[in-house]
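Reader: I'd like to learn how to read the features of a protein model. Could you take me through them one at a time?

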Amino acid sequence: MNYQFLFILTVTLFISCHKDSDTMISVTDTKDPPETLITTQLASVTDTISPDAGNTLQFFAGKDNAFALSPYAITEGHLIRRDRELVQLNTSDHVFYKVISLIENTVNYTDWAVPTLNIFSGQGAVDANYDLSGDGKLFIPANSLITSDGNPYVGSYTLHWALFNPSNEESRFIPSYSAISKENQIVQVLPQFCLYVTVKADDGSTLKFSSGAYIASNISNEASWFFDDEAAAWLPQGTESRIDLVDNGYYMVGQSVNQTRVTGTLQINGLPAPHYAIRINYEGFQRNLFTTNNGTWSIVLPSGESCVASVSLPCGSDQQIPFDVSDGPSSTLPIAIQESGVINAFIKGTVRGCEAEVIADPMLIVRGAAAQFYYPSNDGISLYYPSCVGSVLEVQAIHQDSQESGPVISWKSADTVDIRSAFACNAARNEYLFLNVAGDQKMYWDMNSAYTTQDRVLIETGGNEPDVEFKIYISGDMEGDYEDTDLNILFEDMQLGTRGFSLNCPSATSGCGFTDFSITHFPNQSGQWIRGYFQGKFWIKTFYPLTAGYRDVSGEFQVYREF
């Protein structure tokens with residue numbers, strides 16, 4: 001399986017490098033979780049990148065979510081009205097499940113990992129038994145397979161299966177740890193054996209098991225369970241080492257105990273850590289979860305259990321936080337970590353499309369020591385990203401609906417990283433100028449750069465639009481802020497908006513009206529990007545009607561250094 005892409009979605013262990021850190025925790029009992037959540041959202045990702053990715057669907061909250069060209073999906077928040085949600089992943093061949101514990105009024109995150117399945121082959125009219133890697137055997141008697149319409153199947157078949165180890169990363173393949181006991185109580189299962197199995201006919205259609213097919217587990221005197229997608233929980237089957245196969249899907253052997261819903265927050269240096277991984281270990285089991293956009297999280301754990309929560313920080317240290325789960329139905333665990341080597345970069349800005357329109361439901365990828373993706377909770381980007389002091393962050397915007405994405409732009413990590421406009425647009429991977437004149441805005445895609453005979457940097461439009469002219473002259477060739485007297489501007493576009501505009505200040509030495517001008521990126525050699533932004537109030541003429549006066553102008557540009 002291709003795990004290469006998972007690095008942008010799952011934060012795992014890092015090597016230790018900082019030791020001057022403190023961790024503060026407390027655990028308190030709280031009231032039962034709410035039964036109805038109104039504005040919860042769920043964002044999901046799969047690490048499987050293959051030609052078949054376009055055929056992969058998710059189903060949750062009553063809605064199909066297609067991964068399409070990029071492996072992300074989100075559903076509208078008003079559709080999720082529970083404190084947990086069953087998510088179904090349909091590939092072209094198999095169906096997988098995962099139950100997510102949710103936090104209300106924010107964006108929740110989960111990751112999908114499609115397991116590598118082993119394949120056995122057989123004949124429906126012949127007895128077969130298969131060794132499950134030493135953990136048991138699977139028996140399929142002759143004539144125990146049937147088609148979807150109930151007819152006996154005697155042709156060739158393939159058996160697809162995988163065992164999941166609950167003590168390592170394979171635990172993320174287990175759909176849930178909650179079960180409904182014979183007494184109709186919600187309990188937690190401590191899995192000793194977990195198997196996924198499905199059987200296919202030679203034409204690829206899914207077959208069913210009739211009476212007689214079973215698993216012989218090497219674990220005795222433990223309850224056996226089958227995962228029921230309608231109940232979104234494990235249901236009991238018995239306590240014998242023989243587990244009857246009732247359907248394709250998940251089977252488990254393990255003891256049941258009382259469970260507690262633990263909710264908490266994760267703060268690093270006093271600020272929330274969004275979409276951040278927390279790993280929880282107890283009694284040889286490993287669980288993985290992600291924080292929401294506001295740094296909150298939720299998980300269901302065995303009541304009274306002694307656990308350790310682990311948080312991997314971007315500079316390499318791995319914080320371990322021991323805690324005891326309460327015996328009640330719910331408890332809280334705020335985690336506050338202080339780390340001197342980490343800076344919480346506040347990333348802000350706006351995601352725009354190819355017409356500079358603000359995108360309502362964008363997705364942002366931020367790559368640093370750990371790469372993450374974020375769905376902003378509103379139209380603007382506003383998030384804290386923990387990173388190492390002096391590191392570089394890479395930011396890219398994706399438009400989920402259009403499947404377009406913009407350039408990957410590097411930013412130096414700082415207290416505030418103002419990316420201004422992040423364009424989720426394929427064309428924005430090349431040169432552009434985004435210009436706003438008195439509320440009328442336009443994208444210009446034909447841009448050039450040059451070094452003039454007066455030793456000034458020139459950013460200008462090319463010749464593809466003969467009736468358009470834009471030039472900015474800059475007295476300087478480095479990153480930083482520039483004074484109004486360092487700049488000149490010339491602009492005319494009779495087709496901009498309904499009025500058309502003209503600005504003529506190509507040589508004034510006293511300034512043209514710039515109130516803010518900054519070059520954020522200036523490379524040392526040609527062929528790399530010059531990026532910057534500006535704003536000001538300039539004397540501008542309109543054509544329709546013919547008027548003149550001071551008007552607000554702002555712009556953002558990205559051009560290759562061509563000198």
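Author: Let's begin with burial: a residue is buried when its relative accessible area is under 20%, exposed when over 50%, and partly exposed in between, using a 1.4 Å probe and protein chains only. Please keep in mind that this is a predicted model, where local features need pLDDT of at least 70 and side-chain atom pairs count only at pLDDT 80 or more, while totals for chains, interfaces and linings use all residues. Residues are numbered from 1 along each chain as its sequence is written, and side-chain values use heavy atoms, with hydrogens and water left out.

Reader: How many disulfides does a search of the whole structure find?

Author: A disulfide is a covalent bond between the sulfur atoms of two cysteines. Here the criterion is a pair of cysteine sulfur atoms within 2.5 Å. Searching the whole structure gives 3 disulfides. Counting bonded cysteines along the chain, their pattern is 1-3, 2-4, 5-6.

Reader: Which parts does the pair of Cys315 and Cys388 tie together?

Author: The sulfur atoms of Cys315 and Cys388 are 2.3 Å apart. Cys315 sits in the loop between strand S28 (306–312) and strand S29 (318–324), and Cys388 in strand S34 (residues 380–388), so the bond ties together parts that are 73 residues apart in sequence. As for the labels, strands (E, at least two residues) and helices (H or I, at least four) are DSSP runs, numbered from the N terminus. Cys315 counts as buried at 10% relative accessibility, and Cys388 is buried at 18%.

Reader: Where do Cys354 and Cys425 lie?

Author: Cys354 and Cys425 form a disulfide with their sulfur atoms 2.1 Å apart. This link is right-handed, with 105 degrees about the S-S bond. The pair joins distant parts of the chain: Cys354 is in the loop between strand S31 (342–352) and strand S32 (362–367), and Cys425 is in the loop between strand S38 (416–423) and strand S39 (432–437), 71 residues apart. Cys354 is partly exposed at 24% relative accessibility, whereas Cys425 is buried with a relative accessible area of 0%.

Reader: Is the disulfide of Cys505 and Cys512 left-handed or right-handed?

Author: The torsion about the S-S bond of Cys505 and Cys512 is about -85 degrees, so this disulfide is left-handed. Its sulfur atoms are 2.0 Å apart. Cys505 counts as buried at 12% relative accessibility, and Cys512 is buried with a relative accessible area of 12%.

Reader: Now the nonpolar cores. Which residues touch the most other members of the largest one?

Author: In soluble globular proteins, nonpolar side chains tend to be buried together. A nonpolar core here is a set of buried Ala, Val, Leu, Ile, Met, Phe, Trp, Tyr and Cys residues joined through side-chain atoms within 4.5 Å. The largest core has 59 residues, and Trp234, Ile280, Trp297 and Leu301 touch the most other members. Strand S16 (residues 186–201) gives the most to this core, with 5 residues. There is also a second, separate core of 31 residues, including Leu433, Leu435, Leu503 and Ile519.

Reader: What is the strand order in the open sheet of 4 strands?

Author: Two strands pair if DSSP finds at least two bridges between them. The order in this open sheet is S11-S12-S18-S21, with antiparallel pairing. Its edge strands, S11 (128–131) and S21 (242–244), each pair on one side only. Between S11 and strand S12 (residues 136–140), which run antiparallel, there are 4 bridges. The bridge partner of Asp131 is Lys137 in S12.

Reader: And aromatic rings: how are Phe423 and Phe434 arranged?

Author: A pair of aromatic rings is described by the distance of the centres and the angle of the planes. Rings of Phe, Tyr and Trp (its six-membered ring) pair if their centres lie within 6.5 Å; planes under 30 degrees apart count as stacked, over 60 as edge-to-face and the rest as tilted. The whole structure holds 31 aromatic pairs. The ring centres of Phe423 and Phe434 are 5.9 Å apart and the planes are at 80 degrees, so this pair is edge-to-face. Phe423 lies in strand S38 and Phe434 in strand S39, so the pair ties together parts that are 11 residues apart in sequence. Both Phe423 and Phe434 are buried.
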